[in-house]
Amino acid sequence: MNRLIPMVVATLTMFGFPGDQPNGRGFKDGNTVGVDLFNSKIIISGNGAKGGEADGYVLKRPCWYEPGLDASEMLKTQEGLRDYWFRFTKNPTEEKFQQFLKQFKDQVGKDGRWWGPAYNAADPKGEACFAGLDPFVFVPPGTTPPAGITIQELAEIARAALTVPEPTVKLNPDAKSYVNLPTWVWVEGIGEPRRSVTATIPGVMSATVVATLQKIEIDPGTTADRAEVREDGCGTSGKPYVEGGEFTCGVRYLRSSIDQPSEKYILTVTTVWPVEVAGDVVPVQFAPVQVDTTRDVPVGEIQSNVKP
């Protein structure tokens, strides 16, 4: 690949200026961003792209090329950046500006599009990867340049932005349980049990990933000789307590927690969300999103006195 005349201090881009671009941002959790697209045309949308919890899925490649303008549109855009070019170029002259424009004029009338670099700013390697790419690459129709984004990578971007809700774990009994007493377990606050994220390059291609709540898993926070777990009747969200009902989802603790740290067990409920690519547009299998939520469970022991 031939390197073209560099951008002005790496600031001018195939779409104008980075600050003008519709960057796509996935989940935001504290200081962690699932995917933060810089200099990109990709739009991230869907009910799974807002809030919730993610599993830290990392894109395999932190930078790539994206398709942009055709030859005539590109020339017009770069000609419109004349004032910026003269402002940010060292020792600018009209001759240098015309030389800069020549690479775009030479492609006018040819079929194809200009592709430009973008990167995931949430990846520490993203900016360095981006700096190693050419600022402009003219690509014939029906072809993808080396490092050009693919539909599979677009699906991976959607996967990196995917979040699912963190539920509230409910127990009965709630404040404290007792040895051999069934502790019913269920979750609330999930809302829609189907979450999706779509990553789109407008007018070019789109990929959607869908996560559907499948089940919950219960970890009692101790070994099998101290707790019996029932999961056969949990379904997707557990089983709320019903007086007189059959106990099919929860934990029966067999020993007191008095000898445990802080005199309690730490019960963990994991919601499991298998992930699929909508429409089977790419042959890729993603691992499920799994979200752990914990509850402290102090377990006492009822003492009984037997009189002769």
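**Close-up views of a predicted model**

In this predicted model, 71% of the contacts in the chain between residues at least 6 apart in sequence join residues at least 24 apart.

View 1. Of its 308 residues, 45% are buried. The accessible surface of the chain is about 15,800 Å². Carbon and sulfur atoms account for 50% of that surface.

**View 2. Strand S11, residues 194-201, is mostly covered.** Six of the eight residues in S11 are buried. In a regular strand, side chains alternate between the two faces of the sheet. S11 pairs with strand S4 and with strand S12, as the next two views show.

**View 3. Strand S4, residues 43-45, runs antiparallel to S11.** Three bridges join S4 and S11. Ser 45 lies opposite Thr 198 of S11.

**View 4. S11 and strand S12, residues 205-212, form an antiparallel pair.** Eight bridges link S11 and S12. Arg 195 has Ala 211 in S12 as its bridge partner.

**View 5. A hairpin is formed by S11 and S12.** Three residues lie between the two strands. In the turn, Gly 203 has a positive phi of about 75°.

**View 6. Helix H5, residues 151-160, is largely enclosed by the rest of the structure, because eight of its 10 residues are buried.** The buried residues of H5 are Glu 153, Leu 154, Ala 155, Glu 156, Ile 157, Ala 158, Arg 159 and Ala 160.

Note on methods
Residues numbered from 1 in each chain as written. Predicted model: local features only at pLDDT ≥ 70, side-chain atom pairs only at ≥ 80, totals over all residues. Heavy atoms only, no water. Buried < 20%, exposed > 50% of the residue type's maximum accessible area, 1.4 Å probe, protein only. Helix = DSSP H or I, 4+ residues; strand = E, 2+ residues; numbered from the N terminus. Pairing = 2+ DSSP bridges. Contact = heavy atoms within 4.5 Å. Areas by Shrake-Rupley, 256 points an atom, 1.4 Å probe, with all protein chains shown as cover.
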